[in-house]
Amino acid sequence: MAEPEGAEPELSDQDMADLAMVCTATYDVVLANGQGGAQTEAIKDARDLARSIYQEISQATDDAIDAEITKADATLQAEVKSGVVDLKDFQATCDSLLMEEEDGVAAPVVS
């Protein structure tokens, strides 16, 4: 059945897990590069939320998740340094999914 025009496609569990991993790595790179500024605590909270989403979907052990995150962090950092990806674009996407605006300041979305 075709999706209604203008409807967002349903994300599979794998899509959500991939997105959560990318956001975890994005926030790790932002923090590692000292770019958190006044948002540092909110970024840490959003990073933890993304990691917990990944863990819930993947059902992997903490050690396995940490290994995957380390690999994703290194890959993303290399792509940022080489100019392949724009970290600000990645962060903006993750912020829009994991944070809410409160008085003009993004805060982690907690459900």
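Leaving aside neighbours within four places in sequence, glutamate 79 is in contact with Val84 and Val85. This is a predicted model. The protein has four helices and two strands. From the N terminus on, the elements run α-α-α-α-β-β. A search of the whole structure finds one disulfide.

**Overall make-up**

- The protein has 111 residues, and buried residues make up 32% of them.
- Consider contacts between residues at least 6 apart in sequence: 60% of these join residues at least 24 apart.

**The disulfide**

- Cysteine 23 and cysteine 94 are joined by a disulfide, with an S to S distance of 2.2 Å.
- The pair links distant parts of the chain, 71 residues apart. Cysteine 23 sits in helix α1 (residues 13-32), and cysteine 94 sits in helix α4 (residues 87-98).
- The torsion about the S-S bond is about -95 degrees, so the disulfide is left-handed.
- Both cysteine 23 and cysteine 94 are buried.

**Helix α1 against helix α3**

- Two packed helices are described by the angle between their axes and the distance between the axes.
- For α1 and α3, the angle is about 65 degrees and the axes are 9 Å apart.
- The α1 and α3 crossing is right-handed.
- From α1, the contact uses Met21, Thr24, Ala25, Thr26, Asp28 and Val29.
- From α3, the contact with α1 uses Glu68, Ile69, Ala72, Asp73, Leu76 and Gln77.
- By type, the residues of the α1 and α3 contact are six nonpolar, three polar and three charged.

**Helix α2 against helix α3**

- The axes of α2 and helix α3 (residues 62-82) come within 11 Å. They cross at roughly 120 degrees.
- Angles of 65 to 115 degrees count as roughly perpendicular and those over 145 as roughly antiparallel. α2 and α3 are therefore oblique to each other.
- The crossing of α2 and α3 is right-handed.
- On the α2 side, Arg47, Arg51, Tyr54, Gln55 and Ser58 take part. They meet Asp62, Ile65, Asp66, Glu68 and Ile69 in α3.
- The residues of the α2 and α3 contact divide into three nonpolar, two polar and five charged.
- Glu68 and Ile69 of α3 are listed in the contact with α1, and Glu68 and Ile69 are also listed in the contact with α2.

**Residues in helix α2**

- Alanine 46 lies in helix α2, which spans residues 40-58.
- Is alanine 46 buried or exposed? Alanine 46 counts as buried because its relative accessibility is 0%.
- Alanine 46 and leucine 97 are 51 residues apart along the chain. Their C-alpha atoms are separated by 9.4 Å.
- Arginine 51 is also found in helix α2.
- Arginine 51 has 14% relative accessibility, so arginine 51 counts as buried. The cut-off for buried is under 20%.
- Which residues does arginine 51 contact, leaving aside its neighbours within four places in sequence? The contacts are Thr24, Asp62, Ile65, Asp66 and Ile69.
- One of those contacts, Thr24, is a residue of α1. Asp62, Ile65, Asp66 and Ile69 are residues of α3.

**The loop between α2 and α3**

- Glutamine 59 is found in the loop between α2 and α3.
- Most residues other than glycine have a negative phi.
- Glutamine 59 is not a glycine, yet it has a positive phi of about 60 degrees.
- With a relative accessible area of 64%, glutamine 59 is exposed.

**Residues in helix α3**

- Glutamate 79 lies in helix α3.
- The relative accessible area of glutamate 79 is 29%, so glutamate 79 is partly exposed. That class lies between the buried limit, under 20%, and the exposed limit, over 50%.
- Valine 80 lies in helix α3.
- Valine 80 is in contact with Val85 and Leu87, leaving aside its neighbours within four places in sequence. Val85 is also in contact with glutamate 79.
- Where does valine 80 stand relative to threonine 26? The two are 54 residues apart in sequence and 10.0 Å apart in space, C-alpha to C-alpha.
- Threonine 26 is one of the α1 residues in the contact with α3.

Conventions. Residues numbered from 1 in each chain as written. Predicted model: local features only at pLDDT ≥ 70, side-chain atom pairs only at ≥ 80, totals over all residues. Heavy atoms only, no water. Buried < 20%, exposed > 50% of the residue type's maximum accessible area, 1.4 Å probe, protein only. Disulfide = S-S within 2.5 Å. Axes fitted to C-alpha atoms, helices over the stretch in contact; angles between N-to-C directions. Parallel < 35°, antiparallel > 145°, perpendicular 65-115°, else oblique. Left-handed = near helix turned anticlockwise from the far one by under 90°. Contact = heavy atoms within 4.5 Å. Nonpolar A, V, L, I, M, F, W, Y, C, P; charged D, E, K, R; others polar.
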